[in-house]
Amino acid sequence: MPLPGVLATLPLPIIGAPLFIISNPKLVIEQCKAGVVGAMPALNARPASLLDDWLAEITETLAAWNKANPDKPAAPFAINQIVHKSNDRLDHDMAMCAKYKVPIIITSLGARTDVNDAVHAWGGVVMHDIINNFFAKKAIEKGADGLIAVAAGAGGHAGVKSPFALIQEIREWFDGPVALSGSIASGGAVLAAQAMGADFAYIGSAFVATEEARAAEGYKQMIVDSSSDDIVYSNLFTGVHGNYLKGSIMASGLDPDNLPESDASKMDFGGSGAKAWKDVWGCGQGIGAIKSVQPAAELIGRLIREYQSARERVALA
């Protein structure tokens with residue numbers, strides 16, 4: 001099945017994950033200019049009225065870039081919408097996305113036909129993130145164009161399925177666009193995602209450690225200094241299982257090796273007062289590939305070189 005709309009012409013098979021609190025117009029713009037889909041959560045714009053300004057900045061800057069660089073157009077950008085009923089900003093934020101005809105909408109925490117229909121009305125594409133095959137089928141039944149398969153090892157809220165199993169099961173019935181998330185931080189891993197059957201790699205944690213990211217410097221440096229051994233999978237902080245940096249858990253006064261289970265109905269934080277994302281930092285298992293904090297364009301340049309080198313190795317094998 002041919003890829004729909006803007007997804008068919010991406011310069012690189014990479015989508016930058018929308019990072020809660022961290023993604024901002026500056027990071028999105030640099031990602032897009034370097035050929036990667038830049039993405040941010042609508043909820044990062046606070047107050048809500050700021051989203052109008054941010055979308056104007058992104059669309060106008062990328063339009064100017066494309067005019068000045070017709071031989072190297074920017075990749076499209078994406079906005080993440082939390083479509084769960086608890087998001088009381090959804091109607092406002094969707095109206096702003098309609099105003100600017102956002103090319104790609106990434107939906108999370110529920111699949112809604114009305115949201116998908118609204119995006120299609122302005123010509124946009126909907127990618128829905130899922131952690132298993134059951135939710136993947138529900139998303140497509142409700143009109144999503146594509147899927148983001150969040151496998152084991154992804155940063156923040158993550159599934160437990162091996163990417164091999166998850167992609168294989170999805171590809172048994174779905175031939176539309178699929179992005180794979182989970183421990184991808186090198187060009188070789190991007191090619192591996194494609195070899196498994198995904199169209200795109202979905203990369204998040206690597207972009208936290210970029211100069212443009214709106215993350216604490218200590219967060220960025222901890223990613224550089226850590227490896228997969230420093231990632232802890234727990235539901236304590238939000239009621240939903242996710243991957244977090246061990247060092248940030250320790251800094252919050254907790255023992256990362258003896259975390260209690262959360263009571264999701266009560267949002268019990270173990271009395272620590274530690275808050276996910278602000279105090280306890282989400283991160284995926286692929287961070288061993290991150291050796292320094294650098295501009296997003298330099299990170300993407302490395303990914304491109306590694307991706308091309310991996311393709312050459314495969315061709316020679």
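**Close-ups of a predicted model**

**View 1. Helix H1 (residues 25–33) packs with helix H2 (residues 50–68) at an angle of about 25 degrees, with the axes 10 Å apart.** Axes here are lines fitted to C-alpha atoms, for helices over the stretch in contact, and angles run from 0 to 180 degrees between N-to-C directions. That makes H1 roughly parallel to H2 (angles under 35 degrees). On H1, the contact (heavy atoms within 4.5 Å) is made by Pro25, Val28, Ile29, Cys32 and Lys33, and on H2 by Trp54, Glu57, Ile58, Thr61, Leu62 and Trp65. Helices are DSSP runs of H or I, at least four residues, and strands are runs of E, at least two, numbered from the N terminus.

This is a predicted model: local features need pLDDT of at least 70, side-chain atom pairs count only at pLDDT 80 or more, and totals for chains, interfaces and linings use all residues. Residues are numbered from 1 along each chain as its sequence is written, and side-chain values use heavy atoms, with hydrogens and water left out.

**View 2. Gly187, Val190, Leu191 and Ala193 are buried in helix H7 (residues 187–196).** Buried means under 20% relative accessible area (1.4 Å probe, protein chains only). These residues sit on the same side of H7, because they cover an arc of only 150 degrees around the axis, taken from the directions from the helix axis to the C-beta atoms. Their cover includes strands S1 (14–16), S8 (178–181) and S9 (200–203), plus helix H11 (296–316). After H7 comes Gly197, with a positive phi near 125 degrees.

**View 3. Asn133 sits in helix H5 (residues 133–141).** Asn133 is buried, at a relative accessible area of 15%. Neighbours within four places in sequence aside, Asn133 is in contact with Leu166, Glu169, Ile170 and Trp173.

Methods:
Buried means under 20% relative accessible area, exposed over 50%, partly exposed in between (1.4 Å probe, protein chains only). Angles under 35 degrees count as roughly parallel, over 145 as roughly antiparallel, 65 to 115 as roughly perpendicular and the rest as oblique.
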